[in-house]
Amino acid sequence: MTIFVYIVIAFCCVVLIAAVLLQPSKGGGLSALGGSSQSVFGSTGGTTFLFRTTMIMATIIAVLSLWLTRSQIQKAQSSVIDVSAPAIDSNLLKAPTAPGEATPPAAEAAPQTAPTAPAATPDKPN
């Protein structure tokens with residue numbers, strides 16, 4: 001179903017681009033500063049077929065995009081944090097219950113003493 005919706009959105013995008021490019025210019029841009037007086041307030045001729053097509057395609061794209069987002073959110077059953085959490089070895093969490101049971105191997109202990117710096121030698125006169 002989602003593949004069909006993606007195809008419909010792609011088709012609507014192509015039709016929307018074509019409808020916008022085919023519409024006649026209404027004198028926008030710099031012509032409003034010194035051009036015709038109609039372009040300052042906008043010339044509203046009748047609503048054209050291309051204008052209606054633009055509005056319908058934009059509405060279809062917006063509605064289908066919202067529907068796709070809603071359906072993808074509903075599909076996600078787990079959180080991103082749940083999915084990316086590292087697995088913990090359960091043997092490390094168990095405490096020995098019987099006296100003879102082995103404990104998990106301990107990590108090597110860090111050396112208790114820090115290495116010493118070499119002793120400074122006095123300068124010998126030449």
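A residue is called buried when its relative accessible area is under 20%, exposed when that area is over 50%, and partly exposed in between, with a 1.4 Å probe and protein chains only. By this definition, 10% of the 126 residues in the protein are buried. The model is predicted: local features need pLDDT of at least 70, side-chain atom pairs count only at pLDDT 80 or more, and totals for chains, interfaces and linings use all residues. Residues are numbered from 1 along each chain as its sequence is written, and side-chain values use heavy atoms, with hydrogens and water left out.

The secondary structure consists of six helices and zero strands, in the order α-α-α-α-α-α along the sequence. Helices (H or I, at least four residues) and strands (E, at least two) are DSSP runs, numbered from the N terminus.

Helix α1 covers residues 2-22 and packs against helix α4, residues 49-75, at an angle of about 155°, with the axes 9 Å apart. Axes are lines fitted to C-alpha atoms, for helices over the stretch in contact, and angles run from 0 to 180 degrees between N-to-C directions. The two helices are therefore roughly antiparallel, a term for angles over 145 degrees. Their crossing is left-handed, meaning that the near helix is turned anticlockwise from the far one by less than a right angle. The contact of α1 with α4 involves 19 nonpolar residues, five polar and one charged. Here Ala, Val, Leu, Ile, Met, Phe, Trp, Tyr, Cys and Pro count as nonpolar, Asp, Glu, Lys and Arg as charged, and the others, Gly among them, as polar.

Within α1, the buried residues are V5, I9, C12, L16 and A19. They lie on the same side of α1, because they cover an arc of only 90° around the axis; the arc is that of the directions from the helix axis to the C-beta atoms. The face turned away from this buried side carries the exposed residues I3, I7, F11, V14, I17, L21 and L22.

| Pair | Apart in sequence | C-alpha to C-alpha |
|---|---|---|
| Q72 and T2 | 70 residues | 9.5 Å |
| V14 and M57 | 43 residues | 9.4 Å |

Q72 belongs to helix α4 and is partly exposed, at a relative accessible area of 37%. V14 is located in helix α1 and counts as exposed, with 56% relative accessibility.

Definitions and conventions: Angles under 35 degrees count as roughly parallel, over 145 as roughly antiparallel, 65 to 115 as roughly perpendicular and the rest as oblique.
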